[in-house]
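Good morning. I will take one structure and go through it region by region. Please have a look at it before I start.

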Amino acid sequence: MSGLWLKFLALLSMMVDHTGMALFPQIQSLRLVGRLAFPLYGFLLAEGAAHTENSNRYLGRLLLFALLSEVPFDLACRNVFVYPQAQNVFFTLFLGLAACEILKRFMQSKPVWSFAGIAVLALLAEGIQADYGAFGVMTVVAFFVCRIYPSRGTALFTVMNTGFSLLNHTMLQLAAPAAAVPILLYNGQRGRPVNRYVFYLFYPAHLLLLYLLRQWFIG
C-alpha cells in the first residue's frame with residue numbers, strides 16, 4: 001500500500017468521523033471509523049519529516065493551514081466563529097513536525113536538550129488545547145523514532161493510545177490501533193503524484209461544508 005492510498009484512507013476516515021460529529025451524533029459507528037484518521041496522519045507526517053527536502057517550508061504549510069482551518073473547525077465543532085478553548089489538528093501536526101525536526105537536528109549532539117524541547121512542544125499542545133494535545137505530538141514522535149520498524153511504532157502507539165483513552169474516558173479511541181493494519185501494509189512508496197494542497201484544503205473545506213449542511217438541514 002503506497003503513501004497515497006494511506007492518505008486517501010486517512011481522509012476518508014476523517015470525513016466519516018466529522019460527518020458523524022456534525023450531522024449524525026447518534027450514530028457512534030461513524031465516530032468509531034474516524035479513530036483511524038489521526039494515527040494514519042501521524043504516521044504519514046513522520047514519514048514526511050524523514051524525507052522532506054525543506055523542513056521550514058513544510059512547517060510553514062502546516063502553520064498556514066492551521067490558521068486557515070481554525071474558523072471552519074470552530075464552526076463545525078462548536079457552532080461559533082471563534083472558540084479559544086480548542087484548536088484544530090493542524091496545530092498538533094505542526095508541533096509534531098517541529099518535535100521531529102528537533103530530533104533530526106539535535107538528538108546526536110544534544111540529547112537532553114532534544115528531550116526537553118519535545119516536552120515543551122507537547123506541553124504547548126496541551127496549553128493551547130490542540131486536538132489530541134500532548135498525546136498527538138508524542139504519536140508523531142513515536143512513529144518518527146520507530147519509522148525503520150513500523151511494527152514497533154504501532155505497538156508503542158497502541159500502548160500510548162490505551163493510556164490516553166482510559167485517562168480521558170474516551171472508549172471509542174481504543175479502536176485507533178486498527179490503523180496498524182494499513183500502516184504495516186505500507187510499501188514505502190509515495191504512489192502516484194497528487195498535488196499536496198488537495199489534501200490540505202480538504203480539511204477546512206469539508207468542515208465548512210458540514211457546518212453549512214447542518215445549518216441547512218438541522219438549524
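Which residues does Thr 139 touch, not counting residues up to four places away in sequence? They are Phe 38, Phe 157 and Met 160, where contact means heavy atoms within 4.5 Å.

Before I go on, a word on the source. This is a predicted model, in which local features need pLDDT of at least 70 and side-chain atom pairs count only at pLDDT 80 or more, while totals for chains, interfaces and linings use all residues. Residues are numbered from 1 along each chain as its sequence is written, and side-chain values use heavy atoms, with hydrogens and water left out.

Back to Thr 139. Its place is in helix 7 (133-145); helices are DSSP runs of H or I with at least four residues, numbered from the N terminus. Thr 139 counts as buried, at 1% relative accessibility. Buried means under 20% relative accessible area, exposed means over 50%, and partly exposed is in between, with a 1.4 Å probe and protein chains only.

Another buried threonine is Thr 92, with a relative accessible area of 0%. Thr 92 lies in helix 5. Leaving aside neighbours within four places in sequence, Thr 92 is in contact with Phe 38, Ala 130, Asp 131, Gly 133, Gly 136 and Val 137.

Now the core. The largest nonpolar core has 55 residues. By definition, such a core is a set of buried Ala, Val, Leu, Ile, Met, Phe, Trp, Tyr and Cys residues joined through side-chain atoms within 4.5 Å. The members that touch the most other members are Leu 40, Leu 45, Leu 62, Phe 90, Leu 97 and Tyr 203. Among the helices that each supply at least two residues of this core are helix 1 (3-22), helix 3 (37-51) and helix 4 (55-78). Helix 5 gives the most, with eleven residues. As for Tyr 203, its contacts, not counting residues up to four places away in sequence, include Met 14, His 18, Phe 73 and Phe 90.

On to charges. The structure holds four salt bridges; a salt bridge is a side-chain nitrogen of Lys or Arg within 4 Å of a carboxyl oxygen of Asp or Glu. In one of them, Asp 17 pairs with Arg 31, and the closest N and O atoms are 2.5 Å apart. Asp 17 lies in helix 1 and Arg 31 in helix 2 (residues 28-34), so this pair ties together parts that are 14 residues apart in sequence. Asp 17 is buried, with a relative accessible area of 7%, whereas Arg 31 is partly exposed, at 23%.

Glu 101 takes part in a salt bridge with Lys 104 (3.1 Å, N to O) and in another with Arg 105 (3.4 Å, N to O). Glu 101 and Lys 104 are separated by about one helical turn, because they are three residues apart in helix 5. Glu 101 and Arg 105 are four residues apart in helix 5, so again about one helical turn separates them. Salt bridges that share partners also join Asp 17, Arg 31 and Arg 35 into one network.

Last, the loops. Most residues other than glycine have a negative phi. Asn 79, in the loop between helix 4 and helix 5, has a positive phi near 65°. Gln 129 has a positive phi near 55° and is found in the loop between helix 6 and helix 7. Ile 128 is in that loop too. Ile 128 is partly exposed, with a relative accessible area of 27%. Its contacts, not counting residues up to four places away in sequence, are Pro 84, Gln 87, Phe 91 and Leu 95.

That is where I stop.
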